[in-house]
Structure formats: structure tokens, C-alpha cells
Amino acid sequence: MSGIDSVRDTTGNRAVGTARNDTERSVETALAAIEPWHGKRLEYAPVLGGLQNSNWRITVEGTDTRYFLKIPGAGSETFIDRALANEAARRAGVKGIGPELVHFDPTTGVEVIEFLEGYRACTNGDFKDVTIPRQIIDIYRELHDGELLSVTKTMFDMIDEHLAQAHELDVKLPQDVELILGEYQVAKGALLASGLDLAACHNDPMPGNFLVADGEPMKLVDYEFASNNERAYELALLTTEMFYTEELVNELVEEFYGRADFGLLARVQVCGALADTKWGLWACVNQQLSSAWDFDYHKYGCWKLMRARLKMSDPRWPFWLKAL
């Protein structure tokens, strides 16, 4: 065993100063920029999960708390307002629905939060338990309560931004995209005419963003897509992401709003189609930005857009629009 390898302990931690590759050197560079930790022995170990970012567990000499380090992936700044993400993450930490944020570098986007001991990230399988979306709704209520964030970026802003990016990057989109975009414009006009119900939203219900632990409250992490947005869109994102049945969607609408009249149900259904449109375009653009990610974003994006068109082809679509 070499002297360098001997500093790696049985927990998988590696001491700062022993990096073996560019990935580990990037971690050590990020840690070197955190002034309160200067002069202390630091150890790091990879944390699995996350499609774009590099995630690490940090142990700091002389402290009982471990930390979670997130290094943004190359190209992710195209989609993410780091200052806004930090604002939302700090607010969530104060509210107790997210971990405490302890460091943020606005230049690099590097973020350090408390490591939630005993917690694990949810999987798609966890969402088959109907208690999970109800816990999420409790978090959303807390998140949406109070003042708005400093930036409003609605689903329309997001979709229009991705359309501009797709045009600029010459992204290949499905042949039927013009049909989807035509219905998008109709839905946009109807929702704007009805008036948006803005709230401070998370906007990214990927299962891994919800952390659970036995006997502990659920926590919500990763606020990179947070902004003021339509409240119904937040719920629609969740229900479309998890393939919930229409019966369960109706129950969750009632849980979310305290009632489930046709107008609210229609609003969530329409926003569900817009959610698939947004993330479908996002994925197609993402594929063009980098080939280093081990995920077929374009295939995922085309599938999302196909599901958006399916929702827009529902015989009830014009009635949903009229009910807004």
C-alpha cells in the first residue's frame, strides 16, 4: 500500500492533498476556497446520484457535523440562476424543509449544505406509497407560504427560453413539435387570461430531490430550478413525473387546495401538459450541450414531448382550457 493510498480510510474518505484525478482535484479546489475550513484536515467521499452535478460528503476535523458538497456540472449554468437557487435553498433551510446551507460561491456555483445523517434519497419505487406525495404536498405548502422569491420565472418563460436555445443550437426536435407548440400558445393565452397564482416554487420533483428517514420529516433539496411560478404547475410537475392515475391526481388536488372543483382539476391537467413540454425541450437542448453525460437526454426529451401531445389530444383538452 502506498503512502497516498493509506490516507483513504475504511469509510471511503480521501484526505485533501491526495487527489488522483481531475474529478478529485476539482473537489480539492472547491474545498480550498472555503475560508472557515482553512488549516483543518478535510476528507471527502463521493455521493451517488444527480445527473449533472458532482456530489461529495465532506468530513471536517474538529466538527461533529458532516457536510454535502455540490459542484455544478459543465454546461448546467445555461439553465440555472445560481444566485436564485441559493436564495431558495437558504429560505428552505430556515423553514426547516431543507438542509441548512453553510457556504455558497456565486462565481462557481459550488454549494455546501449540512449532510442529513440517516436520510436517503427517494426512488421511483417510494412514490408508489401514496403517503409520499402527501408528505411532499405538506412541504410545498410550507415552501409556497410567505414572500415571493426575488425572481419570477414561469413555465412560459422556461419553455420560451428552451425554444430559443433549441433554435440557437440547431437542436433536432420531433416532427410534430409544431402541433405541440401551437397548443402551447393556446394554453399560455388561456392561463394568462385567467391570471397566474404565483408562489415560490421548487420546480423539480425528481425523486432524488426528496430525502426521507425513519421517524424524521421529509426534506427537499436541490433548488436549482426554483423561481416564482404558477402554484398549480408545481403539483402538475409532481403528478406527471410520477405517472399518477387520474383518480389519485384528483385526490392530490383536493389535498393541495382543500377542494377539487373542475376549474382546479383542469388547471393541473393543462399545467401537466406544459410540464412535459418544458422538460421535453430542456432534455433535447441538454443533449446538445454535452456528450459526456451518461444519459440519453434526447430520447427522454422526445418521449416527454410525445406525452405532452397525448395530453393535448385528450377530448377534454378544449374543456379544460375553457375552465381556466
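Biologist: Which residues does Tyr223 touch?

Modeller: Touching, or contact, means heavy atoms within 4.5 Å. Leaving out residues up to four places away in sequence, Tyr223 touches Ala85, Ala88, Ala89, Ala92, Ile97, Gly98, Leu143 and His202. Keep in mind that this is a predicted model, where local features need pLDDT of at least 70 and side-chain atom pairs count only at pLDDT 80 or more, while totals for chains, interfaces and linings use all residues. Residues are numbered from 1 along each chain as its sequence is written, and side-chain values use heavy atoms, without hydrogens and water.

Biologist: Which residues have the most contacts inside the largest nonpolar core?

Modeller: Such a core is a set of buried Ala, Val, Leu, Ile, Met, Phe, Trp, Tyr and Cys residues joined through side-chain atoms within 4.5 Å; buried means under 20% relative accessible area (1.4 Å probe, protein chains only). Here, Phe127 and Tyr223 have the most contacts inside the largest core, which has 76 residues. Helix α8 (residues 262-289) gives the largest share of this core, 15 residues. Another core, apart from this one, has 15 residues, including Trp37 and Trp56.

Biologist: At what angle do the axes of α7 and α8 cross?

Modeller: Axes are lines fitted to C-alpha atoms over the stretch in contact, and angles run from 0 to 180 degrees between N-to-C directions. Helix α7 (residues 246-257) crosses α8 at roughly 115°, and their axes come within 10 Å. The two are therefore roughly perpendicular, a term covering 65 to 115 degrees. On the α7 side, the contact is made by Glu246, Val249, Asn250, Val253 and Tyr257; Leu264, Leu265, Val268 and Gln269 are their partners in α8.

Definitions and conventions: Buried < 20%, exposed > 50% of the residue type's maximum accessible area, 1.4 Å probe, protein only. Helix = DSSP H or I, 4+ residues; strand = E, 2+ residues; numbered from the N terminus. Parallel < 35°, antiparallel > 145°, perpendicular 65-115°, else oblique.
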